[in-house]
Amino acid sequence: MKAHIGVDAESGLVHTVIGTAANEHDINVAHALLHGEETSDYADAGYQGIEKREQAGSPRWLVAMRPSKRRKLNLKDPLDA
């Protein structure tokens with residue numbers, strides 16, 4: 001089993017919990033975790049590509065970079081920093 005949890009960024013309160021089989025990908029239930037008032041959503045690297053699954057009224061997705069890509073960054077370069 002896997003638990004998918006929607007949390008309010010300001011208050012830290014959980015507003016949605018969905019349980020699925022462990023082989024269900026996070027992206028498949030991501031839109032069900034939204035309550036509709038979001039303007040932007042933050043997600044880990046497992047959500048790469050979710051912006052391609054835009055649905056009506058979808059917020060702006062801010063998805064973390066994959067660790068292997070982050071290691072390749074040159075932090076002395078202002079664009080990478």
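Q: What makes Ile-5, Val-7, Val-14 and Val-17 a nonpolar patch on the surface?
A: In this predicted model, Ile-5, Val-7, Val-14 and Val-17 together have about 350 Å² of accessible area. Membership requires over 30% relative accessible area, with nonpolar side chains joined within 5 Å. Val-7 illustrates the criterion, with a relative accessibility of 45%. Strands β1 and β2 each supply at least two residues of the patch.

Q: Why is Val-7 called partly exposed?
A: Val-7, which lies in strand β1, has 45% relative accessibility. Buried means under 20% and exposed over 50%, with partly exposed in between; Val-7 therefore counts as partly exposed.

Q: Why is the contact of Lys-2 and Asp-26 called a salt bridge?
A: The side chains of Lys-2 and Asp-26 meet at 3.4 Å, N to O. A salt bridge requires a Lys or Arg side-chain nitrogen within 4 Å of a carboxyl oxygen of Asp or Glu, so the pair qualifies. The structure holds one salt bridge. The pair links distant parts of the chain, with Lys-2 in strand β1 (residues 2-7) and Asp-26 in helix α1 (residues 26-29), 24 residues apart. In general, side chains of opposite charge can pair when their charged atoms come close.

Q: Are Lys-2 and Asp-26 buried or partly exposed?
A: Lys-2 has 27% relative accessibility and therefore counts as partly exposed, whereas Asp-26, at 18%, is buried. The limit for buried is under 20%. Leaving aside neighbours within four places in sequence, Asp-26 is in contact with Lys-2, His-4 and Tyr-47.

Q: What makes Ile-27, Ala-30, Ala-43, Tyr-47, Ile-50 and Trp-61 a nonpolar core?
A: A nonpolar core is a set of buried residues of nonpolar kinds, joined through side-chain atoms within 4.5 Å. Ile-27, Ala-30, Ala-43, Tyr-47, Ile-50 and Trp-61 make up the largest such core, six residues in all. Leaving aside neighbours within four places in sequence, Ile-50 is in contact with Ile-27, Ala-30, His-31, Trp-61 and Val-63.

Notes:
Residues numbered from 1 in each chain as written. Predicted model: local features only at pLDDT ≥ 70, side-chain atom pairs only at ≥ 80, totals over all residues. Heavy atoms only, no water. Helix = DSSP H or I, 4+ residues; strand = E, 2+ residues; numbered from the N terminus. Buried < 20%, exposed > 50% of the residue type's maximum accessible area, 1.4 Å probe, protein only. Contact = heavy atoms within 4.5 Å. Patch = residues over 30% accessible without salt bridge, like charges linked within 9 Å, V, L, I, M, F, W, Y side chains within 5 Å. Areas by Shrake-Rupley, 256 points an atom, 1.4 Å probe, with all protein chains shown as cover.
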